[in-house]
Amino acid sequence: MKNAGKLVAKVFETVGPMIKPGVSTYEINEAAERVIYDGGGTCPCKGYYDYPAGTCVSVNDTLIHGIPSKKIILQDGDIVSLDVVACLNGYCADATRTFLVGTCKESVKKLVEVCKNAFFAGIKQAKPGNRVGDISAAIQTYVEASGYHVARDFAGHGIGKNMHEDPSVPNYGNPGSGALLQKGMALAVEPMILEGHAQTRVLGDGWTVKSKDGKLTCHYENTIIITEEGCEIITLTIGEEQING
Ligand code: MF3
Ligand code: CO
């Protein structure tokens, strides 16, 4: 799984610098898939319930599952999330980053910061003896205290030989509830947050999930492994590993 995690991180390292105004979400996906295939991996999203691409590329009010498209061209001031799952030698890793496109407003930067910080607030609770609800509640508390909302209709998940395994890891909940965390468990923890109301809608393509009110959304995700002491994040990029210390 750690090797799969490194491959996912390599996608962000490679594709991140090409995220600029004028680039289509199709091109972003193509570049991401190339990194995965060149690294000997596979893209379990492709063909998953007929999902047509290897990654999800979601712009602004699209929260998740944006289908890469030549018609969706990034513009200055946009935010775009790239959700990447790679499997390597039978094991999967899953992560998402939201990138700023060109120059973004301070309020947009704050949304992106809060989403990332929500992940780190959540995983402070990720240790043996705690429960999934401790992670969920920490994410929800942090996001709501920051003035945003967590998505209710979608959740993080266990991960391993398959990209989606038990348990579900919601971004809201009560401390002390849910599955017991044990050493060796692997989870995709993924705050999905909204600037306005929490409600979402799915477009006619059956995939694209947008905020109902058209306001901005954000997504940040890593795969973690529960250790003796706490957890290890296996999908950090090289720069992020230094920050995580
Ligand atoms: N990374 C997404 C997740 O955590 C996977 C979506 S892939 C799709 O669930 F195939 F469902 F689009
Ligand atoms: Co996921």
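Which residue in E4 is the bridge partner of Ser81? In this predicted model, that partner is Thr98.

Residues are numbered from 1 along each chain as its sequence is written, while chains are lettered from A and ligands numbered from 1 in the order in which they are written. Local features need pLDDT of at least 70, side-chain atom pairs count only at pLDDT 80 or more, and totals for chains, interfaces and linings use all residues; side-chain values use heavy atoms, with hydrogens and water left out.

**Strand E3 and its partners**

Helices (H or I, at least four residues) and strands (E, at least two) are DSSP runs, numbered from the N terminus. Two strands pair if DSSP finds at least two bridges between them. E3 and E4 are antiparallel and pair over 10 bridges. They form a hairpin with two residues between them, and Asn89 in the turn has a positive phi of about 50 degrees. E3 also runs antiparallel to E1, to which five bridges join it; there Ser81 of E3 is the bridge partner of Ser58.

A residue is buried under 20% relative accessible area, exposed over 50% and partly exposed in between (1.4 Å probe, protein chains only). In E3, 10 of the 10 residues are buried, so the strand is largely enclosed by the rest of the structure. In a regular strand the side chains alternate between the two faces of the sheet. On one side of E3, Ile79, Ser81, Asp83, Val85 and Cys87 are buried, and on the other Val80, Leu82, Val84, Ala86 and Leu88 are buried.

**Nonpolar cores**

A nonpolar core is a set of buried Ala, Val, Leu, Ile, Met, Phe, Trp, Tyr and Cys residues joined through side-chain atoms within 4.5 Å. The largest has 40 residues, and Val80 and Leu82 are among those with the most contacts inside it. Its largest share, seven residues, comes from E3. Another core, of 30 residues, lies apart from it and includes Cys104, Ile139, Leu216 and Ile226.

Contact means heavy atoms within 4.5 Å. Not counting residues up to four places away in sequence, Val80 touches residues that include Ile19, Val57, Leu74 and Phe99.

**Helix H4**

The expected span of a helix is 1.5 Å times one less than its number of residues. For the 14 residues of H4 (residues 132–145) this gives 20 Å, which agrees with the 20 Å between its end C-alpha atoms. Of these 14 residues, 10 are buried, so H4 is largely enclosed by the rest of the structure. The buried residues pack against helix H3 (106–123), strand E5 (149–150), strand E7 (165–169), E8 and E9. Just after H4, Gly147 takes a positive phi of about 95 degrees.

Donors are N, O and S atoms within 2.8 Å of the metal (3.2 Å for Na, K and Ca); water is not among the atoms, so sites may look incomplete. The protein donors of the cobalt ion (ligand 2) are Asp94 (OD), His157 (NE2), Glu190 (OE) and Glu221 (OE), which lie 2.1 to 2.3 Å from it. Glu190 and Glu221 link distant parts of the chain, 31 residues apart. Their accessibility is listed with that of Thr62, a residue of strand E2 (residues 62–64).

| Residue | Relative accessibility |
|---|---|
| Glu190 | 6%, buried |
| Glu221 | 0%, buried |
| Thr62 | 8%, buried |
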